[in-house]
Amino acid sequence: MTTPRVLAIVLAGGEGKRLMPLTADRAKPAVPFGGIYRLVDFVLSNLANGQFLKIVVLTQYKNHSLDRHISRTWRLSAMLGNYVTPVPAQQRLGPQWFAGSADALFQNLNLIYDEMPEHVIVFGADHIYRMDPRQMVEQHVESGTDVTVAAIRQPLAMADQFGVIDADPAGRRIVAFREKPIDAVGLPDAPDQIYASMGNYVFRTQPLIDALREDALDPTSRHDIGGNIIPMMVKSGGAEVYDFADNVVPGSTERDRGYWRDVGTLDAYYDAHLDLISAHPIFNLYNDRWPIYTGHDPLPPAKFVHNEGERVGRALDSLVSPGVIVSGGTAVSSILSPRVVLHSRSLVEESVLMDSVSVGRGAMIRRAIIDKNVIIPDGARIGYDLDHDRSRFAVTRHGVVVIPKNEVVER
């Protein structure tokens, strides 16, 4: 089988309001995750591991740190014609931002014309998962359909939280694509489950171009891929579903196979971190047959110092990044990002500490997300009195304290 010509487009322009304050001055796909990664690294790693090496990343809001990360980290062989290129909103069609995901593609049709691919992959940039996109593209090419939509099985009771795909009795052709329906029915082979859209699509190029042009002329459209383009193609009979449960990633285990998390809220972002740190993690970062790529500064190894009575530097059930110094403090079930420092007798439990956070002597932190460069003073308490924390910081519905970037915390 001849390898088809494919262009990958990653949609990374979302504002990420529900992740505030982590998105106060960075794009959502640039939000750090798992100590050393950015959210965008997961989709880019899936594409790179799948050998789709012509990748355009469409950015819009607060895109500086995202563009910088991609430019510094994602360098492919120009000699072989491979690239990962961030493309900010260029306002080619007038002084307007992207009005939706379909409009983002429409305003950048020149990128498709430049490559003239047979197929276009369009993936989102803010989910945590491993996927071999080759298997989805193979199904798409063999079917000859206009669009293939990746779907993950979810409980029927959660249908009102997703874009839901209704398939024909054979389970492949899409007969309806509905946003958050309250009357969804289960799958033929699993009445208690539905197909939820993952926001990942593979298109035949010309039908995609035709649909984008038609959508651009519709003043009533929201110019959204899921809300407008996919229903348009469903109506013409040219849409199929790809069941993510069929995707087999090299090196995956039964425990982490099929893992996918939408980290669109602070609680979901926090919970996804806790999935990383058990002895047998639900999401395994240590699969070297399908690595998650990233780039970070040249830092020394993590260091654990002091072993004097209660003044012991240690980390238990935790991820510890390069450049961390645990100086007589303790981390339990936590993620310590590069350059974090825990001073003597400090205690950090079930928390996510981002780059260069400093935790003072005797300070105690529980169930918190602390953004970069925050200084926690000696003896401070975070996560122990949520009413007091709420008066100073954001506290999620599930009681996670979130401290914004560069904050100097008072005791």
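## A hairpin to start with

Two strands count as paired if DSSP finds at least two bridges between them. Keep that in mind as you look at this structure, which is a predicted model. Strand E9 covers residues 163–167, strand E10 covers residues 174–179, and five bridges join the two. They run antiparallel. To find a spot where they face each other, look for Ile 165, which stands opposite Phe 177 in E10.

What happens at the turn? The hairpin of E9 and E10 has six residues between the strands, and Gly 171 takes a positive phi there, near 85 degrees. While you're looking at strands, here's a handy general point: in a regular strand, the side chains alternate between the two faces of the sheet.

Now hop over to helix H6, which spans residues 205–216 and includes Thr 205. Is Thr 205 buried or exposed? Its relative accessible area is 6%, and since anything under 20% counts as buried, Thr 205 is buried.

So who is around it? Setting aside residues within four places in sequence, Thr 205 is in contact with Ile 112, Pro 117, Glu 118, His 119 and Val 120. Two of these names come up again when you check polar atoms. A polar atom of the Thr 205 side chain lies 3.1 Å from the backbone oxygen of Glu 118. The side chain of Thr 205 also reaches the backbone nitrogen of His 119, this time at 3.3 Å.

## Two helices crossing

Stay with H6 and bring in helix H7, made of residues 225–235. The two pack with their axes 10 Å apart, at an angle of about 120 degrees. Angles of 65 to 115 degrees count as roughly perpendicular and those over 145 as roughly antiparallel, so H6 and H7 are oblique to each other. The crossing of H6 past H7 is right-handed.

Which residues make the contact? From H6 come Pro 207, Leu 208, Ala 211, Leu 212, Glu 214 and Asp 215, while H7 brings Asn 228, Ile 229, Met 232 and Met 233.

Last stop: Ser 327, which you'll find in strand E19 (residues 325–327). Ser 327 has 15% relative accessibility, so it counts as buried too.

Leaving out residues up to four places away in sequence, Ser 327 touches Val 305, His 306, Leu 342, His 343 and Ser 344. And how does it sit relative to Leu 274? Ser 327 and Leu 274 are 53 residues apart in sequence, and their C-alpha atoms are 24 Å apart in space.

Note on methods: Residues are numbered from 1 along each chain as its sequence is written. This is a predicted model: local features need pLDDT of at least 70, side-chain atom pairs count only at pLDDT 80 or more; totals for chains, interfaces and linings use all residues. Side-chain values use heavy atoms; hydrogens and water are left out. Helices (H or I, at least four residues) and strands (E, at least two) are DSSP runs, numbered from the N terminus. Buried means under 20% relative accessible area, exposed over 50%, partly exposed in between (1.4 Å probe, protein chains only). Contact means heavy atoms within 4.5 Å. A polar contact is a pair of N or O atoms within 3.5 Å; within protein, one must be able to donate a hydrogen and the other to accept it, and residues adjacent in sequence count only if both atoms are side-chain atoms. Axes are lines fitted to C-alpha atoms, for helices over the stretch in contact, and angles run from 0 to 180 degrees between N-to-C directions. Angles under 35 degrees count as roughly parallel, over 145 as roughly antiparallel, 65 to 115 as roughly perpendicular and the rest as oblique. A crossing is left-handed if the near helix is turned anticlockwise from the far one by less than a right angle, and right-handed if clockwise.
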